[in-house]
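Subject: Structure handover and findings

Dear colleague,

Please find below the structure that I am passing on to you.

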Amino acid sequence: MGYTHELDDGDQHEGWIAMTYADGRISGGTSCAAGHYLDGYTYLPGDPNDPRTWGQIDPIYLRPNSEITGWLPRCACGWLGIETPVIEPNDQWREPAEDQEHLIMDQWRLHLRDAIPGAHPMLQLSAPTSNL
Ligand SMILES: [Zn+2]
């Protein structure tokens with residue numbers, strides 16, 4: 001899920017939640033049913049005239065959902081926030097609870113406040129709805 005803002009800065013800042021893994025790698029924002037692709041993924045060589053082989057991401061970059069150890073906010077400008085660890089690991093689809101997601105993206109909103117002069121009045125932080 002990506003977050004954008006309403007300021008006219010050429011869309012240099014788009015935020016989203018990246019997955020983190022035990023080896024310190026993070027996801028690159030592309031996923032499929034089996035998991036997420038690591039940041040820096042590359043494509044397999046293929047035939048541009050054959051849609052079955054062209055544009056396929058190299059599967060060595062695919063990490064299953066069960067290996068997600070946390071989440072962090074990141075921005076298209078290269079900024080990375082602080083990791084929120086997975087508290088109750090299981091083999092299910094791992095994604096932050098709604099309250100966690102709001103807090104994670106509040107980091108990104110604070111990043112915007114620092115990165116974009118005059119952004120303060122337009123950004124609302126999430127109100128906590130439970131004790132985490
Ligand atoms: Zn940014």
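The notes below describe the fold, the sheet, the helix and the core.

This is a predicted model, in which local features need pLDDT of at least 70 and side-chain atom pairs count only at pLDDT 80 or more, while totals for chains, interfaces and linings use all residues. Residues are numbered from 1 along each chain as its sequence is written.

**Overall fold.** Helices (H or I, at least four residues) and strands (E, at least two) are DSSP runs, numbered from the N terminus. Of its 132 residues, 17% count as buried; a residue is buried if 20 or more other C-beta atoms lie within 10 Å of its own, exposed if 12 or fewer, and partly exposed in between, with C-beta atoms placed from the backbone.

**Sheet.** Three strands form an open sheet in the order β3-β4-β5, with antiparallel pairing; two strands pair if DSSP finds at least two bridges between them. β3 (27–32) and β5 (62–64) stand at the edges with a single partner strand each, so one side of each is left without a neighbour in the sheet. Strand β4 (residues 35–38) pairs with β5 over three bridges, and His 36 has Arg 63 in β5 as its bridge partner.

**Helix.** Helix α1 (residues 98–115) has 18 residues and reaches 26 Å from its first C-alpha to its last, close to the 26 Å expected at 1.5 Å a residue (1.5 Å times one less than its number of residues). Its buried residues are Ile 104, Met 105, Trp 108, His 111 and Leu 112. Seen down the axis of α1, these fall within an arc of 105 degrees, so they line one face of the helix; the arc is that of the directions from the helix axis to the C-beta atoms.

**Core.** The largest nonpolar core has 10 residues, including Ile 17, Ala 18, Trp 71 and Trp 108. Such a core is a set of buried Ala, Val, Leu, Ile, Met, Phe, Trp, Tyr and Cys residues joined through C-beta atoms within 7 Å. β2, β6 (68–75) and α1 each supply at least two residues of this core, and α1 gives the most, with four.

**Trp 16.** Trp 16 lies in strand β2 (residues 15–21) and is partly exposed, with 17 other C-beta atoms within 10 Å. Trp 16 and Glu 101 are 85 residues apart in sequence and 10.0 Å apart in space, C-alpha to C-alpha.

Yours sincerely
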